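Please examine the structure shown below together with its sequence. The paragraphs that follow lead through it step by step.

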Amino acid sequence: MKMFLFALLTVSAVLIGFNANAQEKKMVNKNAKALVVYFSRTGEQYSVGNITKGNTAYVADEIAAQTGADLFEIKLKNDTYPAAYKALTEVALQEKKAKARPEIAGGVANFAGYETVFIGTPNWWADMPMAVYTFLESHDFKSKTVAVFVTHEGSGASSIPSKVQSTTGADITESLAVAGHTAQNDRAGTKAAVSAWLKKIGY
Ligand SMILES: Cc1cc2nc3c(=O)[nH]c(=O)nc-3n(C[C@H](O)[C@H](O)[C@H](O)COP(=O)(O)O)c2cc1C
């Protein structure tokens, strides 16, 4: 009986392992119509000072340039976030604790026409800004392949890719994490990181 239980647990662990891998390793169809959806902030950001184009926006633009994908920026309907970094971190933490779903401006009307969707987000408190959840929950990801990219200042992607997977139910590829200051200040480095990643996921 003990042997049987042990064997059952081993088989289950292997199956679960394979499943997790399969979920993380989905490849894109490089000929499919693709969309890059991203959230990004200007104003004061950690380690880069006052910026007029967000870190994640640089990576989003690079992906669109290399794949020919369309771009959609998630913006708040009423953007009352502070421009100062520390104040923004406090507001963001309150929103995360409250599981807020801030209203966003518009959406992607022809979302059904895209097979591949890139989701780009800064890492906020080891999570996504709540407005990204608003977007994910208000679009139908059935049959889509999702590729997640994250900018951060030390935490990497945290568990953001699996949060995107569980929120959308979509198949997801391997994700990309780029340091915010690299995205902001190192165009060649960002370009190289994006192109290496795109190659890995099927482009
Ligand atoms: C509210 C807030 C929370 C953050 N939390 C983290 C974090 O938990 N880990 C991390 O590595 N970076 C964190 N950062 C840094 C951002 O992930 C980083 O600066 C990112 O590149 C910002 O992207 P953006 O300019 O596109 O908005 C945080 C930044 C903000 C504003």
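Thr173 is found in the loop between strands S7 and S8; helices (H or I, at least four residues) and strands (E, at least two) are DSSP runs, numbered from the N terminus. The model is a predicted one, in which local features need pLDDT of at least 70 and side-chain atom pairs count only at pLDDT 80 or more, while totals for chains, interfaces and linings use all residues. Residues are numbered from 1 along each chain as its sequence is written.

Is Thr173 buried or exposed? Thr173 counts as buried because it has 23 C-beta neighbours inside 10 Å. By definition, a residue is buried if 20 or more other C-beta atoms lie within 10 Å of its own, exposed if 12 or fewer, and partly exposed in between, with C-beta atoms placed from the backbone. Beyond its neighbours within four places in sequence, Thr173 is in contact with Lys26, Met27, Val28, Thr145, Ala147 and Ile201; two residues are in contact if their C-beta atoms, placed from the backbone, lie within 7 Å. A separation of 9.7 Å lies between the C-alpha atoms of Thr173 and Phe118, which are 55 residues apart along the chain.

Glu174 lies in the loop between strand S7 (171-172) and strand S8 (176-179). Glu174 is partly exposed, because 15 other C-beta atoms lie within 10 Å.

The protein chain as a whole contains 7 helices and 8 strands. Of its 203 residues, 36% count as buried. Among contacts between residues at least 6 apart in sequence, 81% join residues at least 24 apart.

Helix H4 (residues 130-137) is mostly covered, with 6 of its 8 residues buried. These buried residues are Ala131, Val132, Tyr133, Thr134, Phe135 and Leu136, and they pack against strand S1 (34-38), strand S5 (116-122) and helix H5 (160-168). H4 and H5 pack at an angle of about 35 degrees, and their axes are 9 Å apart; axes are lines fitted to C-alpha atoms, for helices over the stretch in contact, and angles run from 0 to 180 degrees between N-to-C directions. Tyr133, Leu136 and Glu137 of H4 make the contact with Val164, Thr167 and Thr168 of H5.

Trp125 is partly exposed, because 14 other C-beta atoms lie within 10 Å.

The ligand is surrounded by 22 residues, of which the closest are Ser40, Thr56, Pro122, Ser155 and Gly180; a residue is near a molecule if its C-beta atom, placed from the backbone, lies within 6 Å of it. Helix H2 (55-67), helix H3 (85-97) and strand S6 (145-152) are the elements that give two or more residues to this shell.

Finally, the confidence of the prediction may be considered. The protein chain averages a pLDDT of 92, and 88% of the residues score at least 70; pLDDT is the predictor's confidence in each residue, from 0 to 100. Over residues 8-23, pLDDT stays under 50, and the model has 3 contacts beyond four places in sequence for them. Where pLDDT is low, the predicted coordinates should not be read in detail.
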